[in-house]
Amino acid sequence: MLDELETLYTESLAKLDQVDNTAVLETWYHDTLGRKGAVYLLTRQVGQMDPAIRPAFGKRLNEVKSDLQAAYDGRLATLKAAELEATIAGSALDVTLPGRPLPTGGLHIITQTLRDTYRIFGDMGFQVYRSPDVDTDANNFELLNFPPHHPAREMQDSFYTTKPDVILRTHTSAGQIRAMQEYYPEPVRVILPGMCYRNEQITTRSSIQFTQVEGLAVGHNISMADLKGTLTEFARRMFGANRQTRFRASYFPFTEPSAEMDITCFLCESKGCQVCKYTGWLEILGSGMVHPNVLRNGGYDPDVYTGFAFGMGPERIAMLKYGIDDIRQFWGNDLRFLQQF
Amino acid sequence: MLVPLSWLKDFVTIDRPVAEVDRILTNAGLEVKTIEYIGIPGADLVWDRGLIVLGHILKVEQHPNADKLVLATVDYGADAPEVVVTGAPNLFEFVGQGDISSRGLYSPLALEGAELYDGHKDGRQKMKLKGRPLRGIHNRCMVCSEKELGISDEHEGIILITKDEWSPDYVAGTPLQDVLGDAVLEIDIIPNIARCASMLGVAREYAALTNQPLRLPDYHVVMDGPPVEGKVLITTDEPELNPRFVGMVINNVRQIDSPYWMQYRLRLAGQRPINVVVDISNYVMLEMGQPNHTFDYDFLRQRADQYAPDGPIHIHTRLPQPGETLTTLDEKVHKLPPHAILVTDPLSNLSLGGIMGGLDSEIKPETQNVLLEAAAWNFINIRRTSTTLGIHSDAAFRFSRGVHPSQALLGAQRAAELMRRLAGGTVAQGIVDYYPNPPQPTAVTLKYEYARRLSGLDLSGEAMAGLLRRLEFEVKVHGDHLIATVPDHRLDIEGPHDLVEEICRVYGYDNIPNTILSDPLPPQRGNPKLEQEERIKDVLAQAGLQELITFRLTSPLYEAKLLPGSEGDARPYVSLTNPNSAERAVMRHSLLASVLEIAAHNSRYQDRIAIFEIGPIFIEDEEEILPTEQTRLSLALTGQRGVPGWQGGNAGQYDFFDLKGILETLFGEVHLPISYEAAQHPTYRPGRTARLLLNGQQIGVMGELHPLVAERLDLRLERDQPVLAADIDLDALIPHIPPYYPYTPISPYPPIEEDLAVVVDGGVTAVTVEQTIRQAGGNLLKDVRLFDVYEGEQIGKGKRSLAYHLTFQATDKTLNDKAVAKQRQRIIAALAQRLNAKIRE
Ligand SMILES: [Zn+2]
């Protein structure tokens, strides 16, 4: 019996050595250590054995069993590792092939630009105030200190509607009066985004429709220095922390003093390029202290209140940032254009 | 306006580099748009200071060996003059005249080695001057034409400059840079610096900004002709529109060419020289900003002989009579608007006041006696008239921006004196000055506290006064305020804010500190509607749709394409009286039409279109002044659902349920219980149209676009390719978006899942079946998901099988099969009872 056991032991180990894949290994296990395997069959014979040799045989049987189990475990681990290695080796990808494309959506470039301005001015306490596209001549011009036939009106060719004194707003400044009248006597800090309209030739540089963001701050102690500080802060957050600003005297009927703000060119770092016309400066926005007549028309006493206002064009900002050379792209909405942003 | 720097130097010292002058003027509101350099550093051709100098022509002789060449002896400041061989035709007249040094003839002289443009080649090609023999005489210098110096394309003759009593004091040997070299600034004259629309105006500003004295032009006039008294009478009907009219008479003017220095300046400033009389008129306007006009005196006198043989010429300004016309000197006949102010005599009109002269009364080549007009006009009226008539003359440019009446007399004097000096005229004694109501000087009170609060500058009253005085304000300083009297060349100062602007400008905007707002923050209300719109945009963009922003101007005809079988939208439009084009003539009624217009455009290039826009539509309201602006959301989908990759796999075309899925996702995100029911709408395909309901109210329509509409909009589609569209009223929707909503706890107990297939009549809608299941399922029924729809012979004609996946779950215990079976039986019973449904096993 013991011989039989030793033979089984030796042969099984020898067979195990020959096993070269996990499937054959399972067969080996089934035949050797399985529920009806060779080792089991020997175990069954222990009962009929001579009681004298039974303990020794039993002891040896257990040794063999555990040796075979260990040998099996070792073999299994080796084979599995080899098989995994083979699988991995045979399944390499060309990682440079393109990925599976997703159908993606996006926000219009002007929405993105507007959100930047909302966020930056929002941090400074300016809230978004919207007013209608179709407004009265009074809100768009007269109450903003543009008298009839004033030269400044010529700067903005209006679209008139069939209703007298109703026009398409030429600037979002039309909302200034509405905001002041609504909020008086509270202090005001709003930005007014929106679509504006001017009767101009449609070219790569001008459109009959364009967006504008106007800003308005009214309070008891708001100065030209605050205007400069606020707008410089905006310029740095919008165009980069090391931007310098320059304020030039200018003219708008609804502000006085008035100023244009230029920033150092971020395309050439002020070395001079085609976009900044080799001046190193880019014109970004118009601004000024709210004209006393406008404050009065909004309900605020100009002896008590002061304020500043500014206006800028999101299209111009986007054109500068992304080098867009044709303003017509914005409302043309060619998906090949929009999906680049 | 073109401003030669050399001209400014008549009135103010300019010793800063051009770039610095540019910066000073630009920062103060006189924006320098461009700078053109002539001969000086910055120009393409810089005139060498040693090699290109002013030469004095002493003698001109015939070249011994050539008919077409002369020898000019030129003093150029060296020990000995130089003999120059030249073919300049304008020197031939001096041949044989011997010593002409007393004639004061000067010309630019280039010495050997100087760089010039080649006068004989097209365009501007540089060459270096080399000495060479010309017909046997060695020549090493050249007298220059304008072309050779880069001044103009003129190469017919050389530049000949005459020195006389009124010309600059030319000195032989002076570097030409200092005589004709220049930088011409193009300055943008914005409306509030109309006072700077002249050389003097710009110089005055520069003097103030650099704190230097201003030198005024010489306004003195020698009047030694016969007295003007009794010869000219000036009256007006309209002192408001024509507050001042100055007339002077100059006799015996000679209409010769004006001197080179004047022609040169006029050309640099963009004016074409004509003859001395016209040139003086333009020169004075450019120099000091007062436009003026010259009439043919004898012509006016002959007319006076008809209406007042013994009386004066009667100049009268008035508004036109109905139907009156005027022929301007450019020979155009104008129908006059009722507000046009005319200069007339009793017989007829003579000129369009402040804008343009009339053809008949204009000076002619043979005119010797001139009536000079310098007047003041109401700027708004001039603007109206010049705009109405489309006449944009230099005079109108200035008068329509405002010229102070004080300037009229000075302008008349300056022009008359120049006609005396340069045209040989005799100025009649006396000036006819009709000026009924000279305005009082404006005095403005400025409180220091206000100035400091507005500017943010902590300046003393004295400091403010000092800055204003530089701009010629007369300032009296008091305790807490100053009183500034406005100088008489300005019309733009009305109140203290204007003074603050002037203080800031002269102080320098760049010197004002930058501060952060320290004023109290207003109540922070946000903008809830905008925030919801932006949230909806985010959801749709994440769902794979591209946002658009389209034209809000459209045409009723285009929008009518969405409504086949009708005349179009019957509601009134906001219509433009002056549209840019017929396609953009009204404010839109339909955002969907705008979105589909873009879909049609992109259908030429794209396999997949998934787009949306949030924006207003405009419905004219006859009762109200302004139209109703409604915020809409429109979507359009068409084409390939997916983007094809290299692994292939066609995801198919977008259909009704893609759009519905997007809408369901959107409404799920904003927690709005939207329901859908079959509907009819002319834009959409019958049978594939749904209306969207919120609490029983319709808030929008969705569906497959009617094939006819797709065709009319010129969408490029494959055969049977559906276009899906939706149009939703956000004004009706956004107010219902809940600010918060209850959270559903996650049950720790396992769910039991079962499938249930229901066969119903074809007319029973899916939503009815689902509602019935949900109602009968009670609290334990957590979720109902439709996973299959089947129609076919197996279940009988006109029947439909809907298969649902049901999830039962309790929040407080593990459910057993028995409890679920009971629920399931209740559901089956309810379906059978209410919908006559059968269960498919
Ligand atoms: Zn640049």
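Helices (H or I, at least four residues) and strands (E, at least two) are DSSP runs, numbered from the N terminus. With that in hand, the structure can be read piece by piece. This is a predicted model, in which local features need pLDDT of at least 70 and side-chain atom pairs count only at pLDDT 80 or more, while totals for chains, interfaces and linings use all residues. Residues are numbered from 1 along each chain as its sequence is written, chains are lettered from A and ligands numbered from 1 in the order in which they are written, and side-chain values use heavy atoms, with hydrogens and water left out.

Begin with strand 8 (residues 255–264) of chain A, where P257(A) is found. The peptide bond that leads from E256(A) to P257(A) is cis, with omega near -5°. Another cis peptide bond joins Y184(A) and P185(A), with omega about 5°. P185(A) sits in the loop between helix 8 and strand 5 (188–197) of chain A. In chain B, N252(B) has a phi near 60°, a positive value in a residue other than glycine. N252(B) belongs to the loop between strand 16 (244–251) and helix 5 (260–268) of chain B. For background, most residues other than glycine have a negative phi, and most peptide bonds are trans.

Next comes the metal site. The zinc ion is coordinated by the SG atoms of C265(A), C268(A), C273(A) and C276(A), at 2.2 to 2.3 Å. Donors here are N, O and S atoms within 2.8 Å of the metal (3.2 Å for Na, K and Ca); water is not among the atoms, so sites may look incomplete. The spacing of the donor residues in sequence is C-x2-C-x4-C-x2-C. The angles among the 4 donor atoms are 100 to 114°, and the site is tetrahedral, a label given to four donors if all angles lie between 85 and 135 degrees.

Salt bridges are the next topic. A salt bridge is a side-chain nitrogen of Lys or Arg within 4 Å of a carboxyl oxygen of Asp or Glu, and the structure holds 67 of them over all chains. One of them pairs R178(A) with D135(A), whose closest N and O atoms are 2.9 Å apart. R178(A) lies in helix 8 (residues 174–183) of chain A and D135(A) in strand 2 (residues 134–136) of chain A, so this pair ties together parts that are 43 residues apart in sequence.

Finally, consider where the chains meet. Contact (heavy atoms within 4.5 Å) takes in 98 residues from chain A and 92 residues from chain B. Across the interface of chain A and chain B there are 7 salt bridges. In one salt bridge, the side chains of D538(B) and R115(A) meet at 3.0 Å, N to O. On the side of chain A that touches chain B, the largest share, 8 residues, comes from helix 9 (residues 224–239) of chain A.

Technical notes
Four donors count as tetrahedral if all angles lie between 85 and 135 degrees; four count as square planar and six as octahedral if opposite donors are over 155 degrees apart and all others between 65 and 115; anything else is irregular.
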